[in-house]
Amino acid sequence: MNVNLAMWIVLAATGAVARAGIKGYPDDPKLPGVPYVVHDPARPQPPVVGTAGAVSVKPPSDAIVLFDGTSLEAWTPGWVIRDGVMVATKNDIQTKQAFGAIQMHFEWRVPAGRKVDGQTGGNSGVFLMGLYEVQVLQSNHNMTYPDGQAGALYGQLPPLVNATAPQGEWQSYDLAFEPPVYEDGKVTRPAKLTLFHNGVILQNGESYLGPTEHRKLTTYPATHPAAAPLRLQFHGDPVEYRNMWVRPLGKRD
Ligand code: MG
């Protein structure tokens, strides 16, 4: 047996078959409304925005500051602070406070010199309400299945474009999130996300199919909290965060 065939068999056994050099899961469940499966390596790659710069926005006066460079007080259990930067060290962390609809800003960076390959090396994420991941991934010159790259609704929807800055540079996310609306035990409006990455829009009021899953087609649960803690993902990589704040969104009278 030649080496390539042997390697393909090993990859196929793990479900991580390479297609056109991109690792993914071509045998995962089909997504609704599009001719692609969850984590489809053959899904078209979003166009690359060549140069986009991180946008640093100071917390507005009514923001709840989750990390200002000095304190991990908002988090449990907490990671570590190095040089005013929060560094992912082990386990997911979550906010002590629960949130529903929010505006959120934060900046993130994958350290230069670290080996990044697909979903490994530069992976984290913010789970809105602890349930809905906005993918954080070093996606500059790092191809992966499009619903797993930076700014994806992980496992559900790729970003419109790839606006990821080079590894080692700070990047910004600005997002607005709304939880799903339930009436009589049914979802009448799905959870919605708008996301800007380095000032470039990646998600324009897009809908989650349900809470984030890996290699499964998600659906909404029968019941849903009105608010829940934000969670930051530790995926084995020392992803760095700074200047993180949220503004809970009220309703118009
Ligand atoms: Mg992630």
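1. An open sheet holds five strands in the order β4-β7-β16-β9-β10, paired antiparallel. Strands are DSSP E runs of at least two residues, numbered from the N terminus, and two of them pair if DSSP finds at least two bridges between them. β4 (75–76) and β10 stand at the edges with a single partner strand each, so one side of each has no neighbour in the sheet.

2. The model is predicted: local features need pLDDT of at least 70 and side-chain atom pairs pLDDT 80 or more, while totals for chains, interfaces and linings use all residues. Residues are numbered from 1 along each chain as its sequence is written, and side-chain values use heavy atoms, without hydrogens and water.

3. β9 and β16 (residues 228–232) run antiparallel and are joined by two bridges. Within β16, L232 is the bridge partner of V126.

4. The magnesium ion has as protein donors N123 (OD1), S124 (O), E133 (OE), Q135 (OE1) and Q233 (OE1), at 2.1 to 2.3 Å. Donors are N, O and S atoms within 2.8 Å of the metal (3.2 Å for Na, K and Ca); water is not among the atoms, so sites may look incomplete. S124 in strand β9 and Q135 in strand β10 are 11 residues apart. S124 is buried at 0% relative accessible area, and Q135 is buried at 1% (buried: under 20% relative accessible area, 1.4 Å probe, protein chains only).

5. β2 (22–24), β9 (123–128) and β10 (132–137) each supply at least two residues to the lining of the largest pocket.

Methods
Helices (H or I, at least four residues) and strands (E, at least two) are DSSP runs, numbered from the N terminus. Buried means under 20% relative accessible area, exposed over 50%, partly exposed in between (1.4 Å probe, protein chains only).
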